[in-house]
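This briefing is meant to be read alongside the sequence and the coordinates.

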Amino acid sequence: GYMVSTAATGKEGMELYRKEAPDIMILDMRLPDSNGMDILENIMAADPDRIVIMITAFGEIRLAVKAMKLGAYDYVTKPFEFEEINLLVEKAAGLIRIRNELDLFRRLRHEYMYEDMVGKCKKIQAVFSQIEEVAKSPATTVYISGETGVGKELVARAIHRKSSLSAGPFVAINCTVLDEKLLQSELFGHEKGAFTDAKELKKGLFEVADGGTIFLDEIGDMNLILQAKLLRVLEEMSFRRVGGIKDISVDLRVIASSNKDLKKEMSEGRFRSDLYYRVNVVSLNIPPLRERGDDILLLADYFLGRYNKEFGKEIKGFSPEAASLLVNYIWPGNVRELKNTIERLVLLTRTAEFLPAHLPPEILGWEKEIALPESDYLGVEFNQAKKEVVDGFEKKYLTDFLKHYKGNVSQSARAAGINRSSFQRLIKKSGLTSRQFVN
Ligand SMILES: Nc1ncnc2c1ncn2[C@@H]1O[C@H](COP(=O)(O)OP(=O)(O)OP(=O)(O)O)[C@@H](O)[C@H]1O
Ligand SMILES: [Mg+2]
């Protein structure tokens, strides 16, 4: 599938070249009215990236070499098989495709990329410059707050990479997933025989991260006993392995993060205030996706490009209606939810463009509800109006709980004070699924 135009003379060829700017040009060295070499030279002077394949006569190797030096992409020697030229064209087309991709990527990267983060809105640009700042002081503890999926871990990694510790390790641990005993031996390690399962000596992550950065994810989920231990480590930068007697000193940066409101956790006695102030030397708050305006589309395009490539698709983009739905949705799962949504869309969509009909129900349903308070009710029946408000309220209510409890229906229902099956029924009625809130 290539579009081909032909010209019989050098003059005609140059006219076509100017008019059509072809990606690939096949140029004979001997032309009725001029010399192919001169034409090549002209083209290369104006446009050194243009791909020109030369045709040379048998025995003109020296000319072919000269053409290559001038910047020709390759050459074939007369007489040649069609397949020869076809292969060269295919190879060149591959090069052009990669070049275009790179161009796009470079453009994105230049304008809106910082490390592996995409963002151009003021709030995110402010985060990028804060990263630059804190990266300069490698001993400072940093606390990163923000809702689930906003990119806290990416920010932590960027701080590490930008700092003088970047040659050292970056070690991340999620404080939620482990019980207390496990977390303690995970963080500080254990001596051989410290407890029944301790068959070998094991270095803790604090030791592994020495000389680099340790990232304590979901620090708000640590229990009070571990918090006390952590505080001691942060203050002295030394600790003992479980069952050990020797103090081990380390030199590293601690970055902590949480999607809980640590101040609230503190005031309710679930988080030690001394640890709070120790961790909160510098804090970065990552804004939720819904507050980033057009960055939603920028990120959507970025993920579209990635998944197009991954799944071998060529979806061009979003129709204006679909784009506006994306911008208006509340994105409770933030960038992670957007990324997963685009991945699913690319996988399932066969058309060249995303239309509203392709979007999942939660995104389709939202616009109407948030638009409602601004419209007036004249002409709407009471029951209908009430139903719409209640539906909107229910959806928002459920979303808040499911978001907080990461899609755990039992916990959400308990916190909301209704039984699980009613809660489940409401979720279904609202067109939500608990799955979309699971990380
Ligand atoms: N600005 C961004 N540009 C590109 N990708 C991003 C951006 N922000 C987040 N992501 C992607 O979104 C996903 C979620 O990011 P990340 O894991 O850093 O979030 P988080 O805040 O740590 O979430 P959680 O609180 O659930 O742990 C990742 O796949 C990440 O690569
Ligand atoms: Mg995280």
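The points below are grouped by topic.

The model is predicted. Its chain is divided into domain 1 (10–109), domain 2 (117–287) and domain 3 (291–437). Ligand 1 lies between domain 2 and domain 3, because both give residues to its shell. The structure holds 28 salt bridges.

**Domains**

- Domain 1 and domain 3 have C-alpha centres that lie 50 Å apart.
- Domain 2 spans residues 117–287 and domain 3 spans residues 291–437; both contribute to the shell around ligand 1.

**Ligand 1**

- There are 20 residues around ligand 1, and those that come nearest are Val118, Thr148, Gly149, Lys152 and Lys339.
- By residue class, the shell consists of 8 nonpolar, 5 polar and 7 charged residues.
- At least two shell residues come from each of strand 5, helix 6, helix 12 (295–311) and helix 14 (334–348).
- A polar backbone atom of Gly149 is 2.9 Å from an oxygen atom of ligand 1.
- For Glu153, a backbone N or O atom lies 3.1 Å from an oxygen atom of the ligand.
- Leu154 has a polar backbone atom 3.2 Å from an oxygen atom of ligand 1.
- The protein buries 88% of the 630 Å² that ligand 1 exposes when taken alone.

**Salt bridge Asp74–Lys91**

- Asp74 and Lys91 form a salt bridge in which the closest N and O atoms are 4.0 Å apart.
- This pair links distant parts of the chain, with Asp74 in strand 3 (residues 74–77) and Lys91 in helix 4 (residues 82–112), 17 residues apart.
- Asp74 counts as buried because its relative accessibility is 18%, the cut-off for buried being under 20%.

- The side chains of Glu115 and Arg161 form a salt bridge with an N to O distance of 2.6 Å.
- Glu115 sits in the loop between strand 4 (113–114) and strand 5 (117–118), while Arg161 belongs to helix 6 (residues 152–162); the two are 46 residues apart and link distant parts of the chain.
- Glu115 is partly exposed at 23% relative accessibility, and Arg161 is also classed as partly exposed, at 37%.
- A network of salt bridges links Glu115, Asp116, Glu132, Arg161 and Lys162.

**Salt bridge Glu394–Lys429**

- Glu394 pairs with Lys429 in a salt bridge, with the closest N and O atoms 2.9 Å apart.
- Here too the pair links distant parts of the chain: Glu394 is in helix 16 (residues 382–404) and Lys429 in helix 18 (residues 420–429), 35 residues apart.
- Glu394 is buried, with a relative accessible area of 14%, whereas Lys429 is exposed, with a relative accessible area of 53%.

**Loop residue Met237**

- Met237 is located in the loop between helix 9 (224–236) and strand 11 (238–239).
- With a relative accessible area of 18%, Met237 is buried.
- The C-alpha atoms of Met237 and Phe206 are 9.4 Å apart in space, and the two residues are 31 apart in sequence.

Technical notes: Residues are numbered from 1 along each chain as its sequence is written. Chains are lettered from A and ligands numbered from 1 in the order in which they are written. This is a predicted model: local features need pLDDT of at least 70, side-chain atom pairs count only at pLDDT 80 or more; totals for chains, interfaces and linings use all residues. Side-chain values use heavy atoms; hydrogens and water are left out. Helices (H or I, at least four residues) and strands (E, at least two) are DSSP runs, numbered from the N terminus. Buried means under 20% relative accessible area, exposed over 50%, partly exposed in between (1.4 Å probe, protein chains only). A residue is near a molecule or strand if one of its heavy atoms lies within 4 Å of it. A polar contact is a pair of N or O atoms within 3.5 Å; within protein, one must be able to donate a hydrogen and the other to accept it, and residues adjacent in sequence count only if both atoms are side-chain atoms. Accessible areas come from the Shrake-Rupley method with a 1.4 Å probe; for residues, only the protein chains shown count as cover. Ala, Val, Leu, Ile, Met, Phe, Trp, Tyr, Cys and Pro count as nonpolar, Asp, Glu, Lys and Arg as charged, and the others, Gly among them, as polar. Domain bounds come from an automatic or database domain assignment.
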